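Walk me through this structure, please. I am new to it and would like to see how its parts meet.

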Amino acid sequence: MELRYTPDEIAFRDELRRFFRAEIPAEIRQRVAEGRHLSKEDIVTSQRILNAHGLAVPNWPVKWGGKDWTPVQRYIYTEELQRAAVPQPLGFNTAMVGPVIAQFGSEAQKERFLPATANVDIWWAQGFSEPGSGSDLASLKTRAEKRGDKWVINGQKTWTTLGQHADWIFCLVRTDREAKKQKGISFILADMKTPGISVRPIITIDGAHEVNEVFFDDVEVPLENLVGEENRGWDYAKFLLANERLGIARIGMTKQRLARAKRIARETPMGEGVVWDDPEFRRRVARIEVQLKALEITQMRVVAAQGRQDASKPDPATSILKIKGSELQQATTALLVDIAGPYALPLAEHDREGSNEPEIMPEWAETAAPNYFNYRKVSIYGGSNEIQRNIIAKAFLGL
Amino acid sequence: MDFDLTDEQRLLKDSVDRMIEDAYGDFEKRKAYRAEPLGWSEALWKQYAELGLLGLPFEERHGGFGGGAVETMIVMEALGRGLAVEPYLATVILGGGFLRHGGSEAQQDTFIPRIAEGTLRLAFAQTERQARYDLFDIATTAKREGDGFVIDGEKGVVLHGDSADMLVVSARTSGSRRDREGITLFLVPADAAGVTRTGYPTQDGLRGAEIAFSNVRVGQDAVLGEIGQGLPLIERVVDEALAAVSAEAVGAMDALQTTTVDYLKTRQQFGTTIGSFQALQHRAADMLVALEQARSMAMYAAMMSEAADPRERRAAVAAAKVQINDSGRFVGEQSVQLHGGIAMTMEYKAGHYFKRLTMIENLFGDTEYQLRAVAEAEDVLVAD
């Protein structure tokens, strides 16, 4: 047992650390570090730089631009990317639809979509959740019917993150209404410009336009847009979610946020000194750090075990990472609100409509409360933490 | 980075696990061991020696096996799973740790082989009533007289102090009660004139002792390590002991988790197994999360207990103890709750795991104490 990195792994880490800081524009990384909303351009610019250096899609098959890395190297990549506050490569492209097409798609689909997906020439959206299908995803109702040489799609998707930027959408749709609910689902791709698709924004409690509703009204897509086999979509969705394993705990991001919170606490006045002087505050930080360290080691254990496991099967340890990872993301966003104190309250200038007044709070405090509000999502999405507990109870404990 | 055990470590794990399962698998046996004269089983202690466990961390030239922190972790986890009552922590980890890191050649040659063969038991007489967990808070004095020292003072809650043959005693050779300098360690025969021991059972079924030292004369050869520079040695050995009890706690939590889940699968109420209720399933899931976080930190503590930089070692081990304590309390309390009334009985094993976990919480620094140590280390644990 050796928990330390080998010299080769350290060299690998140092090279990535240098690369991310040297090559990804500082102003973009600054926006990530401060928890500000990124423009489409920020995300595309960053990912294209990564892609030009072969670093956008390391988890893909080598043939399609992936890297023959060990699980440890993959972990280091994710960790360093997050700690350098590099925008995460667009997950819908790199972690979701890309691996599914690479694994289950036709040769024609691979040629057509994979290079463009790696380079975000195509921006993908995820069409999974529906108004009536949240945690119970398999109950989805959007249907696709074969008519001649087309699929005709009708229904509604929701919580479609960054769907306003999307060129294409990958959807789970019901193709067999007679079959048991998981059995009658297919995985179909649709061009967002297809007539009958409309997108309506949902404004979240932090005032942001991050998610959308997507409506399908007699949307006709070619039969060849089906990925893999008809009615096997649920298997592909499970494969896709298992792919999220490595990044799900977002330990690098939480570390980066925590380091920033400590820096700010050391500068923010309180009493005769600064917030950091308060032993109660420091103990609160210490407890977060303890749990974060424990999660980091747990993550490494999962990574190390990955080399030996069947990668297509979901690992129940992922649920542990999801639960603790989301709790710590939320704990650190809450910490920043509390450091901001009364200046967590004002609504930032650029978040107010029609106002042109100068900002009244320290710049860093602008995003404290909105991020805290926004991060309540992390224990809800990707299978809520309660669903994760169900998975642990059933898959791990056999209850 | 590699979490695999080597072939030798796997072999060690298999044989220790088997021995502990044989010795403790039937919970009734533990009651019998506790009823023996020393409060634990001398026959089992011989088996520990025969299996090489008592010599595990020592060098081969002293009859040991040259094991490191991972080997200790393997053994301690097994002892935790079995809820073993033998003085392994007191003798091999604490006493043995002082000899390994502070003992002279002569002391090592004399005492270590006897530990390894099972004929010498040690205990660490450190805690004083006023000190709580501060390792430097020592009022016991050792005054130079002739070519030796005279020790006076009172030590409390000395783990397995009543059955030890020899005591490692911390005493002040200079300075005042809370000085970090001026502490010296002594090897004192437990039957030396002026040593009075009062043994008692502890809450978890193990043993402790209050030990008074009145005009106890020892020679220069009783000094362990450097005169007046005992604190760094104490801190090092206690951090190793913390790593060891962290592994023990993980073993206990692991067994308790398994016991609880088994119970949920068999206990029937309302015409069904209670494990089918989601309220209980989620609590069992949270217990598993707590256990795995603790397991991770026990591994981290094992690795970092050997770190060269004492600041890094201290922050890491303190962090591990915080997690072990938080997880141990959660797993212990929830296990009793999920079992219901049966876990309130002295007869059933779950309550005993709960009690051991609770006592481990208060061993060498409770949660608040260790949390303060993490906080004081500032950026050592999670570097920017």
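In this predicted model, B:E77 forms a salt bridge with B:R295, with the closest N and O atoms 3.3 Å apart. A salt bridge here is a side-chain nitrogen of Lys or Arg within 4 Å of a carboxyl oxygen of Asp or Glu. Three salt bridges are found across the interface of domain 1 and domain 3 of chain B. Helices (H or I, at least four residues) and strands (E, at least two) are DSSP runs, numbered from the N terminus. Ala, Val, Leu, Ile, Met, Phe, Trp, Tyr, Cys and Pro count as nonpolar, Asp, Glu, Lys and Arg as charged, and the others, Gly among them, as polar.

Now take chain B as a whole. Its domains are domain 1 (7–121), domain 2 (124–228) and domain 3 (231–376); such bounds come from an automatic or database domain assignment. The size of an interface is often given as the accessible area lost when the parts come together. Between domain 1 and domain 3 of chain B, the buried area is about 2000 Å², and carbon and sulfur atoms give 72% of it. Buried area is the accessible area (1.4 Å probe) that two parts lose on being put together, summed over both.

Next, the two chains. Chain A brings 45 residues to their contact and chain B brings 44. About 4300 Å² is buried between them, with 61% from carbon and sulfur atoms. Eight salt bridges cross this interface. A:R282 and B:E378 meet in a salt bridge, 3.1 Å from N to O. Which helix gives the largest share of the side of chain A that touches chain B? That share, 16 residues, comes from α9(A). By class, this side of chain A has 21 nonpolar, five polar and 19 charged residues.

Chain A has its own domains: domain 1 (7–89), domain 2 (124–231) and domain 3 (244–396). The centres of domain 2 and domain 3 of chain A are 30 Å apart, taken over C-alpha atoms. Four residues of domain 2 of chain A are in contact with six of domain 3. About 450 Å² is buried there, 49% of it from carbon and sulfur atoms. One salt bridge crosses this interface. A:K377 and A:E210 meet in a salt bridge at 3.1 Å, N to O.

Last, a single residue. A:T268 is found in the loop between α8 and β9 (269–270) of chain A. A:T268 is buried, at 13% relative accessible area; buried means under 20%, exposed over 50%, partly exposed in between (1.4 Å probe, protein chains only). A polar atom of the A:T268 side chain lies 2.8 Å from the backbone oxygen of A:I264. Beyond its neighbours within four places in sequence, A:T268 is in contact with A:G273, A:V274, A:V275, A:I339 and A:W364.

Residues are numbered from 1 along each chain as its sequence is written, and chains are lettered from A and ligands numbered from 1 in the order in which they are written. Local features need pLDDT of at least 70, side-chain atom pairs count only at pLDDT 80 or more, totals for chains, interfaces and linings use all residues, and side-chain values use heavy atoms, with hydrogens and water left out.

Note on methods:
Contact = heavy atoms within 4.5 Å. Polar contact = N/O pair within 3.5 Å; in protein donor to acceptor, adjacent residues only side chain to side chain.
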